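Dear colleague,

Please find below the structure that I am handing over to you. My notes on what was found in it follow directly after.

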Amino acid sequence: MSATHIRHATYADEDALSLLDRATWSPLHAVTLPPREPYEPFFRETAGPGDHLVAETDGRVVGYVRLGFPTELASNAHVRQIRGLAVAEEARGRGVGRALLRAAVEEARDRGARRITLRVLGHNTAARKLYESEGFVVEGVQPEEFCLDGAYVDDVLMGRFL
């Protein structure tokens, strides 16, 4: 596998990102039901190409990160939130997730944010370790916030200053 390039998404990435999103769905990180036809568009009014960074290797999309705002409040506009991160199975363990996370932090900083936050399920230890290794700290836990596959799972809020 060649080097990974991180870039801004374009509308031309719709199909590749939609396929990646469906292929990486897992109760390890998703709180929604598994995707079923007819599939919703990947880009939508609240999360268009400008809200996504894409990881590309050998001309193929292998990951993405979605940035947004935690709320619509003007008083909260100095904070960005990672609202999704996915890496193709064959690209895992190669630093793609870390590269996307670092790019998201830089993008948030470039857009004038002072902080960046994310939510991660308590049982997703691999993701939590990655976030911690990049300076994110646990800022709160909502115990048993979700019931996934019959098990109650904590919702963990993590964040860091930029």
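Are phenylalanine 42 and phenylalanine 43 buried or exposed? Both phenylalanine 42 and phenylalanine 43 are buried. Please bear in mind throughout that this is a predicted model.

Aromatic residues

Across the whole structure, a search finds four aromatic pairs. For phenylalanine 42 and phenylalanine 43, the ring centres are 5.3 Å apart and the planes stand at 75 degrees, so this pair is edge-to-face. An angle over 60 degrees is what places a pair in that class. The two phenylalanines also belong to one aromatic cluster, which is formed by Tyr11, Phe42, Phe43 and Tyr64.

Two arginines are placed over aromatic rings elsewhere in the model. Arginine 22 lies over the face of tyrosine 39, at 3.8 Å from the ring centre. Arginine 115 lies over the face of phenylalanine 161, and here the distance from the ring centre is 5.3 Å.

The sheet and its helices

The strands of the model form an open sheet of seven, with mixed pairing, and their order is β1-β2-β3-β4-β5-β7-β6. Its edge strands are β1 (residues 4–8) and β6 (residues 137–148), each of which pairs on one side only. From one strand to the next, the twist averages 25 degrees.

Two helices lie across this sheet. Helix α2, residues 96–110, lies across β1, β2, β3 (60–68), β4 (79–87), β5 (115–121) and β7 (151–161). The direction of helix α2 is at about 160 degrees to β4. Helix α3, residues 125–133, lies across β4, β5, β6 and β7, and runs at about 160 degrees to β5.

Glutamate 56 and the pairing of β1 with β2

Strands β1 and β2 run antiparallel and are joined by five bridges. Glutamate 56 is located in β2, which spans residues 52–57, and histidine 5 stands opposite this glutamate.

Which side chain makes a polar contact with the side chain of glutamate 56? The partner is the side chain of arginine 7, at 3.1 Å. Setting aside neighbours within four places in sequence, the residues in contact with glutamate 56 are Ala3, Thr4, His5, Arg7, Val61 and Val62.

With kind regards

Key: Residues numbered from 1 in each chain as written. Predicted model: local features only at pLDDT ≥ 70, side-chain atom pairs only at ≥ 80, totals over all residues. Heavy atoms only, no water. Helix = DSSP H or I, 4+ residues; strand = E, 2+ residues; numbered from the N terminus. Polar contact = N/O pair within 3.5 Å; in protein donor to acceptor, adjacent residues only side chain to side chain. Contact = heavy atoms within 4.5 Å. Phe/Tyr/Trp six-rings, centres within 6.5 Å; stacked < 30°, edge-to-face > 60°. Buried < 20%, exposed > 50% of the residue type's maximum accessible area, 1.4 Å probe, protein only. Lys NZ or Arg CZ within 6 Å of the ring centre and 35° of its normal. Pairing = 2+ DSSP bridges. Axes fitted to C-alpha atoms, helices over the stretch in contact; angles between N-to-C directions.
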